[in-house]
Amino acid sequence: MAQVDIERIERDITAVSRFGFNEADGGVYRQAFTPEDMAARAWLREQFESLGMTHEMDGAGNVIGRYGPADMPAVVIASHLDSVPASGMFDGVLGVIAGLEVVRTLKENGVEPAFPVEVIATSEEEGRFGGMLGAQAPSGHLTREWLDSAADEHGLMLRDAMAAVGLDHLKALHAYRRPETIRAFLELHVEQGPVLDTEKITIGIVEGISGVFKWKVRLIGKADHAGTAPMDMRADALMGMVDFAHEIPRIIDEEGTDKSRVTIGHVACKPGFPHTVPGEVDFTIVGRDLDHDKMKALAEACERVLSAIARKHKLHFEYEQMSWLEPAYCDRAIMDLIEDQTRKLGYSYKIMPSGAGHDVQFFCEHTRAGLFFVPSVKGVSHAPDEWTHWSDIERGTQLLYECVTELACNEAALSDRSEVERA
Ligand SMILES: [Zn+2]
């Protein structure tokens, strides 16, 4: 049986981590469309070149390497090369380098696939400009208006950031891929959460990516002197927020599922002075679930509970929904194929949701798409000490190899599996 080579994988992941590596904090700084990000993309093209793959950069900055026959729908292996500031070395990079290793292994074993294998390093997955440009462009989730107006948190426009590295932002509209050009889409990623590591499971087969809603909430009470205002005569906005925070477990118990998440991630208390009763609190609520109706139920419960708490504490409340992103479901046949191959390899696995967003989510309705995880030690990610054991990376890449080989060499790999619609 053809085996992937962990030494080559380790060498390549380490090589990519040098692009944007910061000695001071040990983190990787390879935000989208920075010179470091572009240098990593150029490096990847050299690897494609040395493997005899055809390669290009599309209008969105995605680097695409292709191995196998032209004019056939491709088995796509994709993940991203950009990072958040002070990131670890595996997030996104693993999926790209694993793809490279899959092609290398196919080649050295003389496997000539019936369908081409494409390795895609997507651009701007981490949302520096508020989207997932590299995945949105080929899957048809882009508009000119958004491209013209997108900016990072410092006000730098996407179009200017792309122009600075020689790219025309509007060309991203030309990066669209017709669904017929893709046979299947596979992504391997580190879990970025603690479940697999805690449960000592090697592979997480993802059933879907949770939908997310984000609210900005304001509770308005009355700022008072902290010494003279009796406790029962206050309209303390912070006490209202804290009451709400305590209600979150009950809201999930009654309206949610084990896949529900409700988080207050940002709080600003006004006037924010130790001797003043907080007159106003601004905070965010981010809710997630894998099911649209559950998301709605969670959102409605949040509103109901906030309104009751506002009454109790003599507060006003207002909220604004900043975003609502629907859940995305992986393809049942692809999930089954991953599960079969995982069993054959004898790896432990579980079916699980992804709470984090990934490139794959934009391809779920566009083509037959699947995602699987390998464990993140202690669940750490988006931080310099993000870690995944090389032995797990080897297993994940081997599994990717088996899945890709099955999809690219066996014409019937998907045809005998039922296409189950899940909505
Ligand atoms: Zn990622």
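## Before you look

This is a predicted model, in which local features need pLDDT of at least 70 and side-chain atom pairs count only at pLDDT 80 or more, while totals for chains, interfaces and linings use all residues. Residues are numbered from 1 along each chain as its sequence is written, and side-chain values use heavy atoms, with hydrogens and water left out.

The protein chain is divided into domain 1 (6-210 + 327-409) and domain 2 (211-325), with bounds from an automatic or database domain assignment. Their C-alpha centres lie 36 Å apart. Ten residues of domain 1 are in contact with ten of domain 2, where contact means heavy atoms within 4.5 Å.

About 740 Å² is buried between the two domains, and carbon and sulfur atoms give 60% of it. Ser-210, Pro-327 and Pro-353 supply 57% of the area that domain 1 buries against domain 2. Buried area is the accessible area (1.4 Å probe) that two parts lose on being put together, summed over both. The rule also finds one salt bridge across this interface, that is, a side-chain nitrogen of Lys or Arg within 4 Å of a carboxyl oxygen of Asp or Glu.

## The zinc site

Three residues provide the protein donors of the zinc ion: His-80 (NE2), Asp-91 (OD) and His-189 (NE2), at 2.0 to 2.2 Å from it. Donors are N, O and S atoms within 2.8 Å of the metal (3.2 Å for Na, K and Ca); water is not among the atoms, so sites may look incomplete. Along the chain, the donors follow the spacing H-x10-D-x97-H.

His-80 counts as buried because its relative accessibility is 0%, and Asp-91 is buried too, at 4%. Buried means under 20% relative accessible area, exposed over 50%, and partly exposed in between (1.4 Å probe, protein chains only).

## Backbone details to find

A cis peptide bond joins Lys-270 and Pro-271, with omega about 0°. Glu-124, a residue other than glycine, has a positive phi near 45° and is buried at 0% relative accessibility. His-382 also has a positive phi, about 55°, but His-382 counts as partly exposed, at 38%.
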